[in-house]
Amino acid sequence: MPSLLRGLSTAILCTLLSSAAVKADGGVLVFGGTGQLGLEIVKALTAKGEDVTVFARPQSDRTSLGSMNISFVTGDVLNEDDVSAAFQSGSFRVVIDALARDGNDDADFYIESMEYISRAAKETGVSQVILHGSVGAGLSHLSERDSEEDFGPLMVAKGLGERYLMESGTPYTIIRNWALLPFPAKESGQAFMTEDQSARGLITRDALARFTVECLNQARCINKIFHTVDDAVDAPERYRSSLKAQRDWEKSQK
Amino acid sequence: MFNLKPSAATCLALAFTLSPFTAFAESGVLVFGGTGKLGLEIVADLVEAGEDVSVFVRPTSNRDQLEPMGVKFVTGDVLAEGDVEAALKSGPYRVVVDALARDGDVNPGFYIDSMEYISKWAQQTGVNQVILHGSVGAGLSRPIYPEARWDVMGPTITAKDHGERHLMESGAPYTIIRNLVLLPAEMKESGKAEMTTNQLKRGVVTRDALARFTLECLDNASCINEIFHGYDDAIELPPGRYRDTMESFRKAEK
């Protein structure tokens with residue numbers, strides 16, 4: 001590229017970025033806000049004074065969110081028009097996806113929801129989508145002991161969901177968890193995120209909420225995939241033993 | 001973006017600061033897989049376009065067809081990260097093209113490791129664009145991969161998917177050009193072969209068309225961070241399995 005052209009294109013890019021920065025005043029739209037992880041995230045966001053909107057199905061139980069000063073937008077995440085309307089309903093600078101479906105029999109849910117969210121985020125100029133994903137998706141599949149037997153189709157679906165986000169062109173942050181400890185487990189204070197996709201660990205929802213808030217508008221989190229680990233957390237024996245089995249398996253592969 | 005709000009002045013300063021790097025724009029193209037059937041077509045087109053071409057080859061590779069073209073050679077094994085690092089550092093290169101393929105029953109991990117090393121060192125040495133020739137079936141094109149072939153090809157396609165992931169996650173600007181059915185090397189394109197970002201597009205395609213797409217995407221902003229499927233719907237095929245395959249794609253699309 002000729003030097004003048006490169007300089008010019010940089011100047012144009014900068015102008016675009018400057019105008020995008022206007023959006024830094026927009027709020028945060030949360031998908032999955034009525035779930036256990038979503039609830040922790042909404043709490044952490046409101047504690048920071050963020051303007052929070054939760055996307056919820058009409059029949060969702062909102063009682064746990066009731067006392068918080070947040071807005072709601074109603075719809076079905078598997079209906080693209082609903083998702084698109086939600087994005088148009090306000091000015092959102094960050095979108096958080098903490099969606100989860102009980103059981104492992106509806107893998108396509110993770111593909112379609114992410115397809116619609118990513119597309120709408122791109123079209124409305126959202127400056128960051130934070131997706132709470134699962135270890136076992138994407139490149140982390142390569143170091144997963146159990147993936148084929150138990151979670152094969154689910155992890156493939158979650159990997160494709162991540163793909164939609166990564167390919168959309170929207171700046172993304174993916175925070176994966178391997179074993180989420182049952183509510184109301186609390187983090188040890190030593191929970192951390194790593195870009196090492198072979199890392200496995202136990203994690204709590206409050207730690208994931210903390211990471212979410214810490215990544216908000218942070219350049220160091222943009223277009224990154226993190227794994228989350230809390231080795232010092234109090235955990236039931238069955239979680240400890242599955243982590244040990246995974247780590248023993250990793251050693252045996254080396 | 002984010003906490004950074006660039007002013008017009010800082011933008012101009014940045015634009016001029018970047019200008020000296022345009023030395024890179026005059027730099028060459030490094031081709032992996034240049035001794036293969038697809039790679040040869042690409043190298044020939046690059047040389048014809050006046051590009052300064054270097055080809056990464058194993059010490060044992062047959063260079064008979066490349067030598068008359070007047071290209072440079074960088075020697076190494078793509079599965080040895082140190083060799084790939086040294087090759088990228090022997091530049092500067094502004095574009096890297098990956099047309100690697102392994103015949104027959106090789107370890108599919110080849111596609112993961114080669115792309116991991118190439119992506120990482122392309123990113124670290126400031127390459128402007130990595131063009132990867134990939135396979136339909138990877139990423140979001142998984143649903144259109146013929147199920148009958150999955151038993152045999154599944155591990156290879158999954159490995160190619162992971163290879164794409166390494167590239168996309170590396171931060172190096174990428175262009176992925178996938179093919180589903182590659183026609184025999186002696187066949188020439190109809191002249192109407194095309195690329196589409198529709199990842200559900202099936203088709204047959206020739207190597208000369210893929211080489212043309214490669215050249216057309218070189219330094220082309222509309223190809224950056226995009227995934228394409230190459231196809232040639234207008235090609236006349238003699239009766240036989242390729243024509244039958246093309247017919248089956250037409251039916252599937254209807």
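Predicted model: local features only at pLDDT ≥ 70, side-chain atom pairs only at ≥ 80, totals over all residues.
Let's take helix α3 of chain B, residues 81–89. Which of its residues are buried? V84(B), A87(B) and L88(B). They cover an arc of only 95° around the axis, so they sit on the same side of α3(B). Here is the general point: an α-helix has 3.6 residues a turn, so residues three or four places apart point the same way. Now the other side of α3(B). There, G82(B) and K89(B) are exposed.

What covers the buried residues of α3(B)? The cover includes four strands of chain B, β1 (28–32), β2 (53–57), β3 (72–75) and β4 (93–98). It also includes helix α4 (109–124) of chain B.

On to α4(B) and its partner, helix α5 of chain B, residues 147–170. The two pack at an angle of about 10°, and their axes are 7 Å apart. They are therefore roughly parallel to each other. The contact residues divide into 5 nonpolar, 7 polar and 3 charged. On the α4(B) side they include Y111(B), M115(B) and S119(B). On the α5(B) side, they include H162(B), H166(B) and L167(B).

Last, the largest nonpolar core. It has 129 residues. V30(A), V31(B) and V130(B) touch the most other members. Helix α5 of chain A, residues 147–168, gives the most to this core, with 8 residues. Back in chain B, the residues that V130(B) touches include I118(B), S119(B), A122(B) and L167(B).

Key
Residues numbered from 1 in each chain as written. Chains lettered and ligands numbered in written order. Core = buried A, V, L, I, M, F, W, Y, C linked by C-beta atoms within 7 Å. Buried ≥ 20, exposed ≤ 12 C-beta atoms within 10 Å, placed from the backbone. Contact = placed C-beta atoms within 7 Å. Arc of directions from axis to C-beta. Axes fitted to C-alpha atoms, helices over the stretch in contact; angles between N-to-C directions. Parallel < 35°, antiparallel > 145°, perpendicular 65-115°, else oblique. Nonpolar A, V, L, I, M, F, W, Y, C, P; charged D, E, K, R; others polar.
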